[in-house]
Amino acid sequence: LGDLCQVFEDTVKSPQDADQWYRFITAIFLHAGVVHIVLVLIFQLWVGITLERQFGWLAVSIIYLTSGIGGYVVSGIFDAEGQSVGASGALLGLLGM
């Protein structure tokens with residue numbers, strides 16, 4: 001992951017490549033097309049409203065972001081050269097909540 005995202009200082013090749021930690025967060029909010037975003041929105045409404053009423057918006061937000069970032073870290077470990085977008089890890093985190 002350090003070579004691809006330039007997160008760790010010892011793997012940075014040039015100063016322009018450093019500090020690309022935001023890639024772990026922004027990928028959660030990217031989608032692969034209209035059908036993808038519609039399905040994600042339906043799932044978020046179906047599960048998210050219930051969870052937010054039960055646990056509150058702060059707990060749901062923390063779980064959503066943490067599981068989304070964790071999903072991309074694990075995805076990067078197992079498929080370092082692959083590209084992925086979407087909120088699958090975050091949605092599975094909500095489902096596990």
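Colleague: L92 sits in helix α5, residues 88-96. Is L92 buried or exposed?

Modeller: This is a predicted model, in which local features need pLDDT of at least 70, side-chain atom pairs count only at pLDDT 80 or more, and totals for chains, interfaces and linings use all residues. Residues are numbered from 1 along each chain as its sequence is written, and side-chain values use heavy atoms, with hydrogens and water left out. Buried means under 20% relative accessible area, exposed over 50% and partly exposed in between, with a 1.4 Å probe and protein chains only. L92 has 59% relative accessibility, so L92 counts as exposed.

Colleague: How many helices and strands does the chain have?

Modeller: Both are DSSP runs numbered from the N terminus: helices are H or I with at least four residues, strands E with at least two. From the N terminus on, the elements run α-α-α-α-α. The count is five helices and zero strands.

Colleague: How far apart in space are L92 and I63, C-alpha to C-alpha?

Modeller: I63 is placed in helix α4 and, at 32% relative accessibility, counts as partly exposed. L92 and I63 are 29 residues apart in sequence, and their C-alpha distance is 10.0 Å.

Colleague: How far apart in space are S67 and A90, C-alpha to C-alpha?

Modeller: S67 is another residue of α4, and because its relative accessibility is 18%, S67 counts as buried. S67 and A90 are 23 residues apart in sequence, with a C-alpha distance of 4.8 Å.

Colleague: What is the angle between the planes of F43 and W46?

Modeller: Rings of Phe, Tyr and Trp (its six-membered ring) pair if their centres lie within 6.5 Å; planes under 30 degrees apart are stacked, over 60 edge-to-face and the rest tilted. F43 and W46 are both in α3, three residues apart, about one turn of the helix. F43 is among the buried residues of α3, whereas W46 is exposed, with a relative accessible area of 62%. Their edge-to-face pair has 5.9 Å centre to centre, and the angle is 70 degrees.

Colleague: Which helix gives the most to the lining of the second largest pocket?

Modeller: On a 1 Å grid over the protein atoms alone, a pocket is an open set of points where a 1.4 Å probe fits, with protein on both sides within 12 Å along at least five of seven lines; lining residues have an atom within 4 Å of a point. The lining is Q44, G48, E52, W57, V60, S61, Y64, L65 and L94. The elements giving two or more residues to this lining are α3 (34-55) and α4 (57-78). With five residues, the most comes from α4.
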